[in-house]
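This report covers the domains, sheets, salt bridges and backbone features of one protein. The sequence and structure come first.

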Amino acid sequence: MIPLSADALNDGSLPWHVTVLDEVNSTSDRLKSQAAELPVGTVVFTESQTAGRGRRDNRWIAPRGKDLMFSLLLKPEASLEKWPRITTLAALAICKAIETELPLQPRIKWPNDIYLRDRKISGLLAETVSTRNGMLLVLGIGLNVNSLEFPPEIPATSLLREIQSPALHEIDRNALASCLLGMLHGELHRIDDDFTAAIAEVRERSWLLGRQIRAQALHGEVFGRVLDLNEEGHLILKLADGSTHTLTSADEVRRV
Ligand code: BTN
């Protein structure tokens, strides 16, 4: 196993301040607890999390030293109501980094996941934190890179597993993470004026577009076919009665 290296990840051309920890409870919890003291642009990677968290109080479990688990401390350059766009832009950045580094075609499963074929490879967790220096955003990313085993009840996979090349034993996490940090830098700037153009690129990578879905929304379950993404990246559904419905948030979305 090639360890993650802070030297490899601090290449000087990007404004990120990268730290690599051997173990931490959660990279997002670490950043949230130190948000007031750390500079915006701090990025914490770890080889192992003892209390990794996903959305909806799920745990994020990954074996030591195989995947990418990291969080970024951000102060998005846009008004607060646009901050949810960060998750969409980060999902686009993850797809582009994978496409650049590997012969794979990841897809965005709105609102927070990246899929390869019918399995999850990455999840995003965006959380705001209020500090004496104002509101900040902690963006946590888990990306399955070299893991090969997943519990059968979880529809997950990894980049290495999907490449299916007997000659390839390990994907270089430092190279992938460097590319990803570059992509995140480029994409997160698109939060304001360029967001419509970003959504066009998200649309090309949607795992849900044209599909029949079932979503657990705030006011109950919604069934429908995904007609399009709107200018915020929200799903426009055609319901069984022929009406359209815009899904602006959802806890769980499944293709049916
Ligand atoms: C999800 O799929 O529900 C989101 C998963 C987010 C996991 C990452 S791993 C790095 C960071 N630290 C955490 O505790 N969670 C995020």
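## Domain contact and architecture

Arg-255 and Asp-118 form a salt bridge, with their closest N and O atoms 3.1 Å apart. The coordinates belong to a predicted model. Three salt bridges are counted between domain 1 and domain 2, along with eight residue pairs in polar contact, both residues of each pair being at pLDDT 80 or more. On the side of domain 1 that touches domain 2, helix H6 (residues 195–204) contributes the largest share, four residues.

The domain assignment places domain 1 at 6–204 and domain 2 at 212–255. Their centres, taken over C-alpha atoms, are 25 Å apart. The contact draws 11 residues from domain 1 and 16 residues from domain 2. Between them the two domains bury about 1100 Å², and 50% of this area is on carbon and sulfur atoms. Which three residues supply more than any other three of the area that domain 1 buries against domain 2? They are Arg-56, Trp-110 and Arg-203, which supply 53% of that area.

Salt bridges are also counted for the structure as a whole. The search finds 23 of them. Side chains of opposite charge can pair when their charged atoms come close.

| Salt bridge | Closest N and O atoms |
|---|---|
| Arg-255 and Asp-118 | 3.1 Å |

## Sheets

There is an open sheet of seven strands with mixed pairing, in the order E1-E2-E3-E7-E6-E5-E4. Strand E1 (17–21) and E4 are its edge strands, and each pairs on one side only. On average, neighbouring strands of this sheet are turned by 20° against each other, direction ignored. Phe-45 stands opposite Phe-70 in E3. Helix H5 lies across E1, E2, E3 and strand E7 (134–143), and runs at about 30° to E3.

An open sheet of five strands has antiparallel pairing and the order E11-E10-E9-E8-E12. Strand E11 (244–247) and strand E12 (252–255) each have a single partner strand, so one side of each is left without a neighbour in the sheet. The twist from one strand to the next averages 40°. Strand E8 (residues 212–217) runs antiparallel to E12, and four bridges join them. Arg-214 has Arg-254 in E12 as its bridge partner.

## Backbone features

Which residues are joined by a cis peptide bond? The bond lies between Trp-110 and Pro-111, with omega about 5°. Pro-111 is in the loop between strand E4 (107–109) and strand E5 (113–116). Trp-110 is also one of the residues named above for the area that domain 1 buries against domain 2.

Arg-117 is not a glycine, yet it has a positive phi of about 50°. Arg-117 is found in the loop between E5 and strand E6 (119–131).

Definitions and conventions:
Residues numbered from 1 in each chain as written. Predicted model: local features only at pLDDT ≥ 70, side-chain atom pairs only at ≥ 80, totals over all residues. Heavy atoms only, no water. Pairing = 2+ DSSP bridges. Helix = DSSP H or I, 4+ residues; strand = E, 2+ residues; numbered from the N terminus. Axes fitted to C-alpha atoms, helices over the stretch in contact; angles between N-to-C directions. Domains from an automatic or database assignment. Contact = heavy atoms within 4.5 Å. Buried area = accessible area lost by both parts, 1.4 Å probe. Salt bridge = Lys/Arg side-chain N within 4 Å of Asp/Glu carboxyl O. Polar contact = N/O pair within 3.5 Å; in protein donor to acceptor, adjacent residues only side chain to side chain.
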